[in-house]
Amino acid sequence: LARGNAEADLAGRHVVVSAGGTREPLDPVRYLGNRSSGKQGYALARTAAARGARVTLVSANAALPDPAGVDVVHVGTAVQLREAVLKAAADADAVVMAAAVADFRPSAYAPGKIKKRDDKADPTITLVRNPDILAELSADRARPGQVVVGFAAETDDVLANGRTKLERKGCDLLVVNEVGERKTFGSEENEAVVLGADGSETPVPYGPKEALADVVWDLVGARLR
Ligand code: CTP
Ligand code: CA
């Protein structure tokens with residue numbers, strides 16, 4: 001589907017997309033973060049809106065303008081992203097987790113800036129697990145028939161790792177990207193395979209993130225009907 005003349009095949013649907021990368025604060029001036037640009041999630045939000053859906057975009061730290069016609073909720077951490085996604089998912093037909101969610105957060109937050117001190121040992125950062133939002137969404141569907149989609153970036157054994165991850169998460173579709181040196185982070189293009197819980201495999205050739213987004217909505221739409 002080309003975007004300019006897209007059919008409104010998602011009219012009457014509410015879809016939730018998470019995008020960007022969470023930041024887990026250490027103190028008021030520092031955080032643990034990741035390189036996700038948010039571009040794939042924003043492309044998903046724009047294409048869904050172009051296809052007639054009501055779209056809630058839960059955006060974590062993406063330096064991108066709010067897309068027109070989309071409800072954007074800005075969050076910082078994984079815990080905040082979970083809260084915003086679960087709230088929006090309550091009446092959603094589909095949820096797509098394109099955000100890079102930090103697996104861990106610092107176990108403690110220092111309310112004042114951490115200082116280096118010569119009279120003390122160098123600090124160690126201890127981490128605790130963040131909630132797995134995709135697994136939770138998949139296990140406790142807010143609505144019967146709600147379609148849940150995950151993303152995974154893998155460096156090797158892409159298909160085998162993707163299949164295992166899809167089963168572990170319990171989602172309906174998993175978009176698997178191969179990441180490497182120049183691939184994916186911050187780029188305008190993407191190449192992927194979309195794995196389905198029904199055993200399907202949909203390769204998406206290297207191309208604009210909008211094209212991958214349209215394939216995702218085609219597969220979601222087919223599962224909604
Ligand atoms: N995800 C999530 N909550 C987390 C971690 C990941 O919802 N705490 C979602 C991501 O948004 C993505 C999918 O799970 O859609 C896969 O993320 P990934 O990091 O590949 O999966 P993990 O289970 O964290 O596995 P890994 O050990 O490979 O990082
Ligand atoms: Ca992870």
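# Reading helix, core and ligand shell

Q: How many residues does helix H5 have, and how far does it reach from its first C-alpha to its last?
A: Helices and strands here are DSSP runs (H or I, at least four residues, for helices; E, at least two, for strands), numbered from the N terminus. The expected span is 1.5 Å times one less than the number of residues. H5 (residues 209-224) has 16 residues and reaches 22 Å, close to the 22 Å expected at 1.5 Å a residue. Bear in mind that this is a predicted model: local features need pLDDT of at least 70, side-chain atom pairs count only at pLDDT 80 or more, and totals for chains, interfaces and linings use all residues. Residues are numbered from 1 along each chain as its sequence is written, while chains are lettered from A and ligands numbered from 1 in the order in which they are written.

Q: Which residues of H5 are buried, and what do they pack against?
A: Buried means 20 or more other C-beta atoms within 10 Å of the residue's own, exposed means 12 or fewer, and partly exposed is in between, with C-beta atoms placed from the backbone. In H5 the buried residues are Lys209, Glu210, Leu212, Ala213, Asp214, Val216, Trp217, Val220 and Gly221. They pack against H1 and strands S6 (94-97), S9, S10 (173-178), S11 (189-196) and S12 (201-208).

Q: How many residues does the largest nonpolar core have?
A: In soluble globular proteins, nonpolar side chains tend to be buried together. A nonpolar core is a set of buried Ala, Val, Leu, Ile, Met, Phe, Trp, Tyr and Cys residues joined through C-beta atoms within 7 Å. The largest one here has 57 residues, and Val17 and Val149 have the most contacts inside it. Helix H1 (residues 39-50) gives the most to this core, with 7 residues. For contacts, the cut-off is C-beta atoms, placed from the backbone, within 7 Å. Leaving out residues up to four places away in sequence, Val17 touches Gly41, Leu44, Ala45, Ala48, Val55, Leu57, Val96 and Ala98.

Q: What surrounds ligand 1?
A: A residue is near a molecule if its C-beta atom, placed from the backbone, lies within 6 Å of it. Around ligand 1 you'll find Ala78, Met97, Ala99, Val101, Asp103, Asn130, Asp132, Ile133, Leu134, Gly150, Phe151 and Ala152. Helix H3 (133-139) and strand S9 (147-154) are the elements giving two or more residues, and S9 gives the most, with 3.

Q: Where does the UniProt "binding site" annotation fall?
A: UniProt positions use the numbering here, feature names are shortened, and annotations may be inferred rather than shown by experiment. The unreviewed entry's annotation covers Asp103, Lys113, Pro131, Asp132, Ile133, Leu134, Phe151, Lys165 and Lys169. These span 67 residues in sequence, with the farthest two C-alpha atoms 38.0 Å apart, so they do not all gather at one spot.

Q: Why does lysine 169 count as buried, and what about lysine 165?
A: Lys169 counts as buried because it has 22 C-beta neighbours inside 10 Å. Lys165 has 18 other C-beta atoms within 10 Å, so it is partly exposed.

Notes:
Two residues are in contact if their C-beta atoms, placed from the backbone, lie within 7 Å.
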